[in-house]
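Subject: Structure handover

Hi,

Here is the structure I promised to pass on. Please open it alongside this note.

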Amino acid sequence: MILQFDDLLTYHYLVPSTTNRESVPGLSPRLLFSILSAISLAIWFGPLISSFTLALHDDQYTQILLIIPVSAALIFLDWKSPVASTAFSLTFGAILLASAALITAVAKLSLVALHPDEQLSVRMLALVAWWIGSFILSFGARSFKRSLFPLCFLFWIVPLPELVLNPIVRLLQDGSAASAHLLFAAVGVPVTQDGTLITIPGLTIEVARECSSIRSSLMLVVTTMLLAQMLLRSPWRKAALIAVAIPLSVVKNGLRIFVLGMLGTRVDPSFLTGRLHHQGGIIYFLIALAAIFLLLWMARRGDEQQGISR
C-alpha cells in the first residue's frame, strides 16, 4: 500500500508516542513533578519538620512517620506508564495547587484566627493537596485514579488538632471503661462504673487520657486500611474490615484494663505499676491485629468465591 504524505501526517497524529509524553509544553511528567515537589518543600518545610518532630515526641502522632514511605511504595509497586494528560487533568491539578497556596497564605498571614495546632493541621492539609495536585498535573487523571488510595493515604500525615483529637480520646476512654466493665461483670467480679472510673473489690481504676490507647488505636486503623487495600478486592469488604478495627481498638484496651485489674487484685499488686502496665500495650495490639488477620482471611475467601479481581 502506498501512503501519501498527508496520510503519514494523519497516521502520526492518531497514534502519538507515549514514551516521550509531556504533561505541559517542554516538560516531561517526572521533571514537572520533581519541580513541583521541590517547590512544596520550600514552602512547607517548616510544617513538615514540625509534624515529624511531633510524631517523634508525642505518642498520639506516631503513625505520621510511616505514611510517606508506605504511600510512595504503593505507588511504585503499582506504577504503569502514564497516558497523555487531558484538559480536565491540567485544570483540576492547577485548581488543587492554587487552593493549597491560598490556604497556606491565609493560615500563614493569620487572616483566620487559629490555634497553633490548628494552623499546623491546615498547612499540612494544604501540603497534601499540593502533592495530589502536582501528581494529577504531571501524570494525568488516569494515573491519579490508579494511585487514588496511596495518594489519599497521605492525609494521615496531617496532625489531628486538639479540637478533633480530644473527642476521639474521650470516646476511647469511655469505650475502654465500658468494655472493661462488661468483662469484669462477665466473669462475676462485682464492678461499678462512674464515667471513666471502674471500681472492683480492692481497686479503683481510672481510665486516664494516657490510658486511652490512642496511639495503638490509630496504628491499628492505619494498618487495617493498608492490609484491606493490598489484600482485598471488594470495596464493601474493605470498608467493613476498617469499620471493625475501630471498636476492636476499644475492646483491646478494655481487655488490657481487665487483665491488669485481675492480676493486681488476685495475684500481685505490683502488676498495676510494673512493665505489663507501662509497656504491655504491644501485646494487646498484636491480639487485635491477629483478630484483623482472621477477619481478613475470611474476607479473602469471600472474594475468591465470588471471583472478584482487581
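This is a predicted model: local features need pLDDT of at least 70, side-chain atom pairs count only at pLDDT 80 or more; totals for chains, interfaces and linings use all residues.

The cores. The largest nonpolar core has 57 residues. Within it, M124, W130, W131, I132, L151, I157 and I292 touch the most other members. Helix α5, residues 116–139, is the biggest contributor to this core, giving 13 residues. Take I132 as a way in. Beyond its neighbours within four places in sequence, I132 is in contact with L96, F144, L151 and F155. There is also a second, separate core. That one has 13 residues, among them A177, F184, V191 and M262.

I68. This residue sits in helix α3, which runs over residues 64–77. Buried would need a value under 20%. Leaving out neighbours within four places in sequence, I68 is in contact with F52, W131, L154 and I157. I68 and P150 are 82 residues apart along the chain, yet their C-alpha atoms are separated by 9.0 Å.

The largest pocket. Its space comes to about 850 Å³. The lining has 31 residues, and E210, C211, S213, R256 and H277 are the closest to the centre. By type, the lining divides into 12 nonpolar, 11 polar and 8 charged residues. Elements β3, α9, α10, α11 and α12 each supply at least two lining residues. The largest share is from α10, with 5 residues.

Best wishes

Methods:
Residues are numbered from 1 along each chain as its sequence is written. Side-chain values use heavy atoms; hydrogens and water are left out. A nonpolar core is a set of buried Ala, Val, Leu, Ile, Met, Phe, Trp, Tyr and Cys residues joined through side-chain atoms within 4.5 Å. Buried means under 20% relative accessible area, exposed over 50%, partly exposed in between (1.4 Å probe, protein chains only). Helices (H or I, at least four residues) and strands (E, at least two) are DSSP runs, numbered from the N terminus. Contact means heavy atoms within 4.5 Å. On a 1 Å grid over the protein atoms alone, a cavity is a set of points where a 1.4 Å probe fits but cannot get out, and a pocket is an open set with protein on both sides within 12 Å along at least five of seven lines; lining residues have an atom within 4 Å of a point. Grid points are joined across faces, edges and corners, and a volume is the space filled by probe spheres set on the points. Ala, Val, Leu, Ile, Met, Phe, Trp, Tyr, Cys and Pro count as nonpolar, Asp, Glu, Lys and Arg as charged, and the others, Gly among them, as polar.
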